[in-house]
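The following questions and answers are meant to be read alongside the sequence and the model.

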Amino acid sequence: MESRIIPEIASLVEWHKYFPNGNFDFLQKEIEFSNIKVLADEWASFSMTLGIISGVLASLIAFYFSGNFTAIIFLPIGILIFILLILLLPFYLKKKRAEEIEIYLPSALRAISLKIDMNTPFEKILKDVSNEGFGELGMEFSKVLREMEILGMESALRNLGNRVDSDFLREASKQLIVEYRSGAKSSALRNLASQISFHQKTLAQEYFSKSALLGIVFIAVSCIVPALFATYVVIGSAVLSLTLTPNDIYFAYLFMFPLLSLGVLVYIREKTPKILAI
């Protein structure tokens, strides 16, 4: 993922220089795994700038609807939360990228194994795989072909396993190196493809066993809880002298309940195995 916006925003205020040692090296590997084309210091400054802007806007919106200065008091907490969410985003993106690549890995390995059995030249095999619609994995094989011309085939395949935080892809790159060296027919790639497929099937079964409960939770949050709140407001206003301003009710139905429902939907989406999402 290449973006000129991130360095531009990061250059507005170079926040990383204000921290002891200014060391954000722990982020660099995660950023590389996420395929974000920026340096760790640039990402840190970008996260702090965008986090401060987001935190201020969220506090102003909360203050507008509530009219309560408590929203301003919690401003530093909001800013810190937004900064951490953006700063740690590469940890999430690297996982999603690995899942995206692993979806196509079994099919690609079987295709490579079949072509090896047909005595197809190794370079042509990788070229064919990069053009056969394997998504992000095909793009990675295209990088292998480009690096091969400079570094050689073995180094290019080794880099393939180091660019993505996936144990399956690392194992596949090692096995591809073995296949390239020996040039002999082998069932190792097919066996690895079967292991990955079995792992994906297990994840799908675990998801199906939990999906009914997640559906009930979504119905409760999106329908039952708002209805109970409306009942509470009506009865509380008539019997318990409950004092809720119109802005409080607007905030609940325009922001709080939709955000809760959206949060449940996002959680369900994130728990859905990639193999079922395509």
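The side chains of Glu-270 and Lys-96 come together in a salt bridge (3.1 Å, N to O), a salt bridge being a side-chain nitrogen of Lys or Arg within 4 Å of a carboxyl oxygen of Asp or Glu. The model is predicted, so local features need pLDDT of at least 70 and side-chain atom pairs count only at pLDDT 80 or more, while totals for chains, interfaces and linings use all residues. Residues are numbered from 1 along each chain as its sequence is written, and side-chain values use heavy atoms, with hydrogens and water left out.

Q: How many residues apart in sequence are the parts that Glu-270 and Lys-96 tie together?
A: Glu-270 belongs to helix α12 and Lys-96 to helix α6; helices (H or I, at least four residues) are DSSP runs, numbered from the N terminus. The pair therefore ties together parts separated in sequence by 174 residues.

Q: Which helix holds the partner of Arg-97, Glu-140?
A: The side chains of Arg-97 and Glu-140 meet in a salt bridge (2.4 Å, N to O). Arg-97 lies in helix α6, so the pair ties together parts that are 43 residues apart in sequence, and the helix of Glu-140 (residues 135-151) is α8.

Q: What is the relative accessibility of Glu-140?
A: Arg-97 counts as buried because its relative accessibility is 8%. Glu-140 also counts as buried, its relative accessibility being 0%.

Q: Where does Arg-163 lie?
A: Glu-140 forms a salt bridge with Arg-163, the closest N and O atoms being 2.7 Å apart. Glu-140 lies in helix α8, so this pair ties together parts that are 23 residues apart in sequence. Arg-163 counts as buried at 16% relative accessibility, and its place is the loop between α9 and α10.

Q: Which residues are linked with Glu-140 in a network of salt bridges?
A: A search of the whole structure finds 17 salt bridges. The network that includes Glu-140 also links Arg-97, Glu-136, Lys-143, Glu-147 and Arg-163.

Q: Which helix supplies the largest share of the lining of the largest pocket?
A: A pocket is, on a 1 Å grid over the protein atoms alone, an open set of points where a 1.4 Å probe fits, with protein on both sides within 12 Å along at least five of seven lines; lining residues have an atom within 4 Å of a point. The lining has 26 residues, with Lys-95, Glu-99, Leu-203, Glu-270 and Pro-273 nearest the centre of the pocket. α6, α10, α11, α12 and α13 each supply at least two residues of this lining. The largest share, eight residues, comes from α6.

Q: Which residues does Arg-158 contact, leaving aside its neighbours within four places in sequence?
A: Arg-158 is found in helix α9 (residues 153-162) and counts as partly exposed at 39% relative accessibility. Its C-alpha is 7.7 Å from that of Ile-177, 19 residues away in sequence. With contact meaning heavy atoms within 4.5 Å, the residues in question are Ile-177 and Arg-181.

Definitions and conventions:
Buried < 20%, exposed > 50% of the residue type's maximum accessible area, 1.4 Å probe, protein only.
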